Amino acid sequence: MADSGGPRSHSVLVIGGGFAGVAAAWAARRAGAEVELIHDRAGSSELYSGLADGAATSEVRELASELGLRCFDAPRPVPTREGVVRDAGGSDRAVFDLQSAAGSVVRVLDLGRDDWDAELLAKGFQASRWARSHNTRFSVVRVDILRSSERRISGYDLARHFDAAARLDELVEKIQRSSSTGDAWLVGPWFGLERNVTLELTQRLGCPVGETTSPPGGLAGARFELQRQRLLEKLSVKTTRTRLLRLSPRGSGGVEVELAETGVRSAQSVVLALGGVAAGGIRLSETPPAPPQLRVGIALDAAIWLGSEVLAPGSSLWGASFQRVGLAALDQVGLRVDARGRLPELPAVFACGDLVAGRARTVFEALESGILAGKVAAES
Amino acid sequence: MQPARQSKSEGMNEADDTGVAPDVDVVVIGGGVNGTGVLRDLTLRGLRVSLFERNDIAFGASGNSSGMIHGGARYLTADPDVTYDSCLDSGHIQQIAPHLLFRIPFLMPIAARGPLSGRISLAGYDAFFSLYDKYQPLKRGKPHVRLSPEEIRSLEPGVVGDYRGAVTFDEWGIDGARLCVANCVDAVERGSYVRVHTTVTDILRREDGRVFGVRYRDRLTGETGRCTAKVVVNATGAWAPITASLGGLPIHSARVRPGKGIHVFLDRRLTNYAIIASAVDGRQVFLLPWQNMSVLGTTDDDYYGDLDEVVATTDEVRYLIEAVEGVFPAVRTARAIGTWGGVRPTLWGWGVNEDELSREHQVVDHAQHGADGLYSMIGGKLASYRLFSEELSDVVARRLGVTSACRTHESPLPGGEQTVDPMQLVIDGGLEAVTATRLEYRHGARSLRVLERMQRDPREAAVVCPCEPVTEAEVRYVVEHEWARSVEDVSRRTRLGLGSCGGMRCALRCGRILADTLGSSPEHGMSSALRFIDAQVKRRVCALGPEQARQEALARSVLRAELGPGYEQSSENGRG
């Protein structure tokens, strides 16, 4: 997309590196823009469970596969780490697609980890409506393979240990020696960050092997982080780890952005993908808002404000109370954008993902809105 | 046990003209600190008692108080005998349950300017607490200290303001729910009975008005039944008038003036001292380091609402935050992780402000209302529960001809029989130090029984709730031995799910363990967990600051991921 005025391409600054931010960077790059991505702490994407709800458009599918996610044509039954079978529209590559094990005996692998009560989980899966209507049985097989220090480390750390070929060989051998004749193996979110270990296990054991969902801060989020890094490198998107402090439109067009430590950047357009209140990144000021002198609060439509110094969620301690508006308001708060993801008050600034008010908080929605915002930002 | 048989044969003809022995000697209604205190006291005197609790043990004021066994300093000038008795009894409670008490040193800054500075000077407070020091040895309290402004700042750097100085004094904290449970456990081990989630639907009376028992309904199973007794004790706190009406008595026969008090709890201990501050209306409020968190308390307002659904409101939370932030500004941005709402059963009075109402207690003999055999316990406070229980038990024992004396001040509560060093649990049981310390706090010597479970089945050593922390063995133990029937009950006994994550990491797993221990279905465990999560959310929304709002949003998305997008509906369905 060569600019008629010179070789310099359109510059887009994406703030936030979750699903929405990566999608915006991907789409803006594909539209020919020069993209820099600014992100700081982990948000809800890095903490996600490994599941995606809803349906994916073809563009979302293309991007999702680059990020290591599968998209299902129709909702598929998947097991969660709370012993529930639920439907999902897509998932991390390793999450068990239970449809492949319908009518068979599923062995739940017990490694003796603290965060995995195999017996009770198997009971929960067994009691699910899906298991009963598909005549599928769940039972536990104990395999001792962990070092004592591995009982309590995070699933993410454990997964890295099984990236090593020797550990994987040992696991396969122990499972084969456990002399259990299952048709499928259901495991926790523990195997393989770099390598697709569950796929390798499926091939070597000759039957389906899959994981449950991950806890917050678990393996699914870690896989997303790794895939993101690979994708951004492939796209040659420059990434900087820092925080956004201030954002202001320039008179001549474009936007000026002040970043912590790294100073001021300017770009022709900016995509905000800071996440919802869960992301932990929605503070534009170093200092918290001063408590009001008045003791009374006022009701507000959206609990996030932009344009003042501070962008912070509403709070029962001052301003609007969640007791009145209900906790469901947490899903509604955010910035209001037009159909193209544009903020009406700030030309050349776009918002996507959980930051947008009143939209479903799902992975597919984040990717879809990110793609739209990135595309429009690159063209405006 | 000898006196039990005596009193039983003796009471047979007196209490029951049909010639059939009553099921028990005494029925106690109410599982708060007074009800469980009476249950234990009468059981120790050899009587057989059955306790019925409509919700859960320590569900009301007992589990939602400031959590202190204080020495009654406020009565020092008006009635020093009350202070003496309070301090003496605080010492008794320490002796019978040493594991449950923890020291809370208070710091009271005296402003250099402002409306209160002139009223009582630093010297005045100094003199006042010198007097209180005389009673402190009764409860192993340390003498007060007068601090300079520089000393305040070095002890508590977060305190701001212009002060002439401060005084310190010593009090003791306690987990009210653990205290109530310990009383029940002891009584049941000695032959009495406890039924939780079982509401009394009628107080049974003969034609001549005499009371001879109760009819009850289990609120979880719907099972109904009848329990006859020679005496019925109404120990239902703020519910007392409602309970009296179940026997056909007018509500003014057991009148209380319910006073709502809320507390806000903040993640972690922000201070070493409890700090006293003044609220906008001049009331004293405090910031209290309590167990592993900080507690702001408390309010005192007339309450007209549903006693089963007492929840703190945003304006009550803001009132406390505003009061304490003047002295300790960090409370404004600290992470609020929950609230308690409780209703005090204050003695009734007309035409006075809530704070001026008496905190005393009284026994009502309903013979004066034609209901011989029914007694109501009105008023009282956590710190005086043992004395109040003793007074009521004396009346009942005299009536039933039991001569054995009260032993609750010397007979140790379960867990208090012997001292266990938490580090021993670390060495012998391989527990982590924090897990061991918290387990020993809650169970005292009984922590060894929980440890035994883990040694029998190492899988039970898994930590279910990492915030507190609580192991699977402890969850199963409180279900099997302490009448926990829901995730919320487990939480009340173990503090599971009350940390900063709000049960996000543990509630559903606790539900699975609960269901498995009770032999019920996984669905039952899940609906119990979801009810707990819902109830906790209601207690937190009024205090959400920005940090906790993010946590709430995360917790919601985690639940949605684990249970499917329709979980909100399924939790509503679980209610049915």
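The structure is a predicted model, in which local features need pLDDT of at least 70, side-chain atom pairs count only at pLDDT 80 or more, and totals for chains, interfaces and linings use all residues. Residues are numbered from 1 along each chain as its sequence is written, while chains are lettered from A and ligands numbered from 1 in the order in which they are written. The contact between the chains takes 38 residues from chain B and 38 residues from chain A, where two residues are in contact if their C-beta atoms, placed from the backbone, lie within 7 Å.

**Chain A**

- Chain A holds 11 helices and 15 strands; helices (H or I, at least four residues) and strands (E, at least two) are DSSP runs, numbered from the N terminus.
- Of the 380 residues in chain A, 49% are buried; a residue is buried if 20 or more other C-beta atoms lie within 10 Å of its own, exposed if 12 or fewer, and partly exposed in between, with C-beta atoms placed from the backbone.
- Among contacts in chain A between residues at least 6 apart in sequence, 67% join residues at least 24 apart.
- Chain A is assigned domain 1 (11-47 + 222-281 + 335-379) and domain 2 (96-211); such bounds come from an automatic or database domain assignment.
- A distance of 37 Å separates the C-alpha centres of domain 1 of chain A and domain 2 of chain A.

**Domains of chain B**

- For chain B the assignment gives domain 1 (2-61 + 177-251 + 359-399), domain 2 (87-172 + 257-350) and domain 3 (462-575).
- The C-alpha centres of domain 1 of chain B and domain 3 of chain B are 32 Å apart.
- The contact of these two domains takes 10 residues from domain 1 of chain B and 7 residues from domain 3 of chain B.
- Helix α6 (residues 176-189) of chain B supplies the largest share of the side of domain 1 of chain B that touches domain 3 of chain B, namely 3 residues.
- By class, that side of domain 1 of chain B has 8 nonpolar, 1 polar and 1 charged residues; Ala, Val, Leu, Ile, Met, Phe, Trp, Tyr, Cys and Pro count as nonpolar, Asp, Glu, Lys and Arg as charged, and the others, Gly among them, as polar.

**Interface of chain B with chain A**

- The contact takes 38 residues from chain B and 38 residues from chain A.
- On the side of chain B that touches chain A, α8 (314-325), α15, α16 and α17 (546-563) of chain B each supply at least two residues.
- The most comes from α17(B), with 12 residues.
- By class, the side of chain B that touches chain A has 20 nonpolar, 7 polar and 11 charged residues.

- Helix α15 (residues 507-518) of chain B packs on helix α16 (residues 522-540) of chain B at an angle of about 140 degrees, with their axes 7 Å apart; axes are lines fitted to C-alpha atoms, for helices over the stretch in contact, and angles run from 0 to 180 degrees between N-to-C directions.
- That angle makes α15(B) oblique to α16(B); angles under 35 degrees count as roughly parallel, over 145 as roughly antiparallel, 65 to 115 as roughly perpendicular and the rest as oblique.
- The contact involves residues of α15(B), including B:Leu508, B:Arg512 and B:Leu514, and residues of α16(B), including B:Met526, B:Phe532 and B:Ile533.
- By class, the contact of α15(B) with α16(B) has 10 nonpolar, 4 polar and 1 charged residues.
- Helix α11 (residues 433-443) of chain B is mostly covered, as 8 of its 11 residues are buried.
- Among the buried residues of α11(B) are B:Arg438, B:Glu440 and B:Arg442.
- B:Gly444 follows α11(B) and has a positive phi, near 55 degrees.

**Backbone geometry in loops of chain B**

- The peptide bond from B:Gly297 to B:Thr298 is cis, with omega near -15 degrees, and B:Thr298 lies in the loop between β15 (293-297) and β16 (301-302) of chain B.
- The peptide bond from B:Glu468 to B:Pro469 is also cis, with omega near -10 degrees; B:Pro469 is placed in the loop between β20 (463-465) and β21 (470-471) of chain B.
- B:Trp483, a residue other than glycine, has a positive phi near 65 degrees and sits in the loop between α13 (472-481) and α14 (487-494) of chain B.
- B:Trp483 is buried, with 21 other C-beta atoms within 10 Å.
- B:Arg495 has a positive phi of about 70 degrees although it is not a glycine, and B:Arg495 lies in the loop between α14 and α15 of chain B.
- B:Arg495 counts as buried, with 23 C-beta neighbours inside 10 Å.
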